[in-house]
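We begin with charged side chains and end with the spaces between them.

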Amino acid sequence: MVVGDPPTSLDNGGQNCTQLVAGGGSRGGSRREWSRQERRAYQRIRSGLEKHRGERLRFLTLTSVGGMRKPISKAWHVFVGRVRRMTPMRLAKEGYMRPAELLRYYRLEQLRKPLKFTYFKVRTTEGVAGVVHAIYFGDYLPQMWLSHVWEDLTGGAFVVDVRACRDRVKDVGRLSRYIVAQYITTQEGEKRFSWSRDW
């Protein structure tokens, strides 16, 4: 998704995590053994999925541009801080959500509380100045707001892709293998991963 998509399209049209891994549970179709880094990533991803079983999982990709205002790793750090300081009421006040949508995505007691954002992140060297692929559990984030925040932090990278799983995670092992295959084993160049304390 890019800027201009309706903000309500994200969680309504999310992909089905069960279908997502159907046939994709192998190690990226490759028979090679995983590296130590890939095995560590798998274990960390799996433990987070187990801990948050029953919560909605979302996939987030943030791109880069030439002449980045901040290195992508620093932009990510500031981005996480902005997400965790935002509240649903402020999103509506700043025009990123209609007031009528608030109770569709948040409970009444959440409206004035900071958004929750628990993540596992992979930073790769693909693209102009790197790409961030993250999976996260937490609150709904309007795509337009994400695009504006990321563009502000990077000085021009506004393409943000965010997708939600409609169903609950059922096969943690298989989904973990899918994530490693998609975001770690198949990526070229340097890869670094990190996670939030509550992951």
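## A buried glutamate and its partner

Glu101 is buried, with a relative accessible area of 5%, where buried means under 20%, exposed over 50% and partly exposed in between (1.4 Å probe, protein chains only). Its salt-bridge partner is Arg98, and the closest N and O atoms of the pair are 3.5 Å apart. A salt bridge here is a side-chain nitrogen of Lys or Arg within 4 Å of a carboxyl oxygen of Asp or Glu. Arg98 itself is exposed, at 52% relative accessible area.

Before going further, please keep in mind that this is a predicted model, in which local features need pLDDT of at least 70 and side-chain atom pairs count only at pLDDT 80 or more, while totals for chains, interfaces and linings use all residues. Residues are numbered from 1 along each chain as its sequence is written, and side-chain values use heavy atoms, with hydrogens and water left out.

## Other salt bridges

How many salt bridges does the structure hold? There are 8. One of them joins Glu109 and Arg107, at 2.9 Å from N to O. Glu109 is partly exposed, with a relative accessible area of 46%, and Arg107 is also partly exposed, at 49%.

Another salt bridge pairs Arg192 with Glu190, with 2.6 Å between the closest N and O atoms. Arg192 is partly exposed at 46% relative accessible area, and Glu190 is partly exposed at 40%. Salt bridges also link Arg69, Arg82 and Asp152 in a network.

## The overall fold

The protein has 8 helices and 5 strands; these are DSSP runs numbered from the N terminus, helices being H or I with at least four residues and strands E with at least two. Read from the N terminus, the order is α-α-α-β-α-α-α-β-β-α-β-α-β.

Of the 199 residues, 49% count as buried. Among contacts with a separation of 6 or more, 81% are between residues 24 or more positions apart, a contact being heavy atoms within 4.5 Å. The protein exposes about 10200 Å², and carbon and sulfur atoms supply 48% of that area (Shrake-Rupley method, 1.4 Å probe; for residues, only the protein chains shown count as cover).

## The cavity

The structure holds 1 cavity of 30 Å³ or more. On a 1 Å grid over the protein atoms alone, a cavity is a set of points where a 1.4 Å probe fits but cannot get out, a pocket is an open set with protein on both sides within 12 Å along at least five of seven lines, and lining residues have an atom within 4 Å of a point. Points are joined across faces, edges and corners, and a volume is the space filled by probe spheres set on them.

Phe120, Val122, His133, Ala134, Ile135, Ile179 and Tyr183 line the largest cavity. Strand S2 (117-124), strand S3 (131-138) and helix H8 (172-185) each give two or more residues to this lining, and S3 has the largest share, 3 residues. By class, the lining has 6 nonpolar, 1 polar and no charged residues (Ala, Val, Leu, Ile, Met, Phe, Trp, Tyr, Cys and Pro count as nonpolar, Asp, Glu, Lys and Arg as charged, and the others, Gly among them, as polar).

## The largest pocket

About 450 Å³ of space lies in the largest pocket. Of its 23 lining residues, Arg56, Arg58, Tyr105, Gly138 and Asp139 are the closest to the centre. Helix H6 (102-105), S2 and S3 each give two or more residues to the lining, with H6 giving the most, 3 residues.

Which classes make up the lining of the largest pocket? It has 12 charged, 6 nonpolar and 5 polar residues.
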